[in-house]
Amino acid sequence: MALASYSDLIAAIDTWSERAYEEAQKQEFIALFEADANLLLGSAFERKTSATIATDATGAGTLPSGCVRIESLTRSVTGSLPLKQIDWASLIQRNPYTDADEPSAFALKGTAIKLDTPTEDNFDAVYWSRLTGLSDSNTVNWLLTEAPNVYLFGCRAAQL
């Protein structure tokens, strides 16, 4: 059996197990292995990737899953310049109601992102990400592609 996707891994957990597990238990085995993998791999295996971050009318948005740090954030409008990253305290001190048409800076707090000027739009983010977990909506990641055996045996270890 080839392990090329999330559904293949779910099926392999059943095949290699001596008992049947509920779907939620199999998802927990995968999540437990991925948590360990992120700890063991550390920053040496972070990957540079990109995503679109949508902000609301207050200029707030949510970071993509697995985001460790933002390399650049640019409004999804031709000719826009990358925004400058500042700390949260500096962002709060800025006046969000100035006459600025374009946001020029952003700050991060936990998984939240906030712009210095309230802007509802899409922003292109280039960021460093840790291992993104497998799920029904994310069926493949780089570790499953490169070392499917590690995933299977990691899930088997989580069953113990």
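Predicted model: local features only at pLDDT ≥ 70, side-chain atom pairs only at ≥ 80, totals over all residues.
**Ground rules.** I number residues from 1 along each chain as its sequence is written, and side-chain values use heavy atoms, with hydrogens and water left out.

**Entry 1, rings.** I searched the whole structure for aromatic pairs and got 4. A pair here means rings of Phe, Tyr and Trp (its six-membered ring) with centres within 6.5 Å; planes under 30 degrees apart count as stacked, over 60 as edge-to-face and the rest as tilted. I looked at Trp16 and Phe153, which are edge-to-face, 5.6 Å centre to centre with 85° between the planes. Trp16 lies in helix α1 (residues 6-16) and Phe153 in helix α5 (residues 148-159), so this pair ties together parts 137 residues apart in sequence. Helices (H or I, at least four residues) and strands (E, at least two) are DSSP runs, numbered from the N terminus.

I then checked accessibility, where buried means under 20% relative accessible area, exposed over 50% and partly exposed in between (1.4 Å probe, protein chains only). Trp16 is partly exposed at 44%, and Phe153 is partly exposed at 45%.

I define a nonpolar core as a set of buried Ala, Val, Leu, Ile, Met, Phe, Trp, Tyr and Cys residues joined through side-chain atoms within 4.5 Å. The largest has 19 residues, and those with the most contacts inside it include Leu9, Ile30 and Cys155. Two or more residues come from each of α1, α2 (23-41), α4 (142-146) and α5. The largest share, 5 residues, is from α1. Apart from this core lies another of 12 residues, among them Leu73, Phe106, Leu115 and Ala125.

I listed what Cys155 touches (heavy atoms within 4.5 Å). Leaving out residues up to four places away in sequence, Cys155 touches Leu9, Ile13, Phe29, Ile30 and Phe33.

Two strands pair if DSSP finds at least two bridges between them. Strand β4 (residues 84-85) pairs with strand β5 (residues 105-109) in the parallel sense over 2 bridges, and Gln85 stands opposite Phe106 in β5. I found β5 and strand β6 (residues 112-115) paired in the antiparallel sense over 4 bridges, with Ala107 opposite Lys114 in β6. The β5-β6 hairpin has 2 residues between the strands, and Gly110 takes a positive phi near 65° there.
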